[in-house]
Amino acid sequence: MHSSLAVTTAGLPLGLAAIKFWTRKKFKGTTALKRKINPTRVPIEQKESIRWLENLRQSTDLLAAPERCVHIRDRESDIYELFCLAEKLGTHFLVRTCVDRLAGDGNHTI
């Protein structure tokens, strides 16, 4: 289960804003499969990572005030498509990145 918990700025939990259930079709050999397939060439819709986008969209729709929302994510959600969707929906996010990224004029990283 992948869930999104809504919390006020004071830390009061409001409840779950989105839930995504999924199962893996295969567990064995996934590391070997990564050596054969370049994961950057697989469409996001075919990856487990799609759950981050679906929960962002579902929780933003439910809360109906995207400009007031800040979606806090772990480094597994460090996905370009997530950044694009958040911008499209007019919402905000905070992601613990897993790699250094170029910022600003491209002369420094974050």
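Author: Helices (H or I, at least four residues) and strands (E, at least two) are DSSP runs, numbered from the N terminus. The expected span of a helix is 1.5 Å times one less than its number of residues. This is a predicted model: local features need pLDDT of at least 70, side-chain atom pairs count only at pLDDT 80 or more, and totals for chains, interfaces and linings use all residues. Residues are numbered from 1 along each chain as its sequence is written, and side-chain values use heavy atoms, leaving out hydrogens and water.

Reader: How far does helix α2 reach from its first C-alpha to its last?

Author: Helix α2 runs over residues 50-63, which makes 14 residues. At 1.5 Å a residue, 20 Å is expected. The reach is close to that, at 20 Å.

Reader: What covers the buried residues of α2?

Author: Buried means under 20% relative accessible area, exposed over 50%, partly exposed in between (1.4 Å probe, protein chains only). In α2, the buried residues are Ile50, Arg51, Trp52, Leu53, Asn55, Leu56, Ser59 and Thr60. Their cover includes β1, β2, β3 (70-73) and α3 (80-89).

Reader: Is Leu85 buried or exposed?

Author: Leu85 belongs to helix α3. Its relative accessible area is 7%, so Leu85 is buried.

Reader: Which residues does Leu85 touch, not counting residues up to four places away in sequence?

Author: Contact means heavy atoms within 4.5 Å. By that rule, Leu85 touches Leu53, Leu56 and Arg57.

Reader: Is the aromatic pair of Phe83 and Phe93 stacked, tilted or edge-to-face?

Author: Rings of Phe, Tyr and Trp (its six-membered ring) pair if their centres lie within 6.5 Å; planes under 30 degrees apart count as stacked, over 60 as edge-to-face and the rest as tilted. The structure holds 1 aromatic pair. The centres of Phe83 and Phe93 are 5.1 Å apart and their planes are at 10 degrees, so the pair is stacked.

Reader: How many residues apart in sequence are the parts this pair ties together?

Author: Phe83 lies in helix α3. Phe93 lies in strand β4 (residues 92-95), so the parts tied together are apart in sequence by 10 residues.
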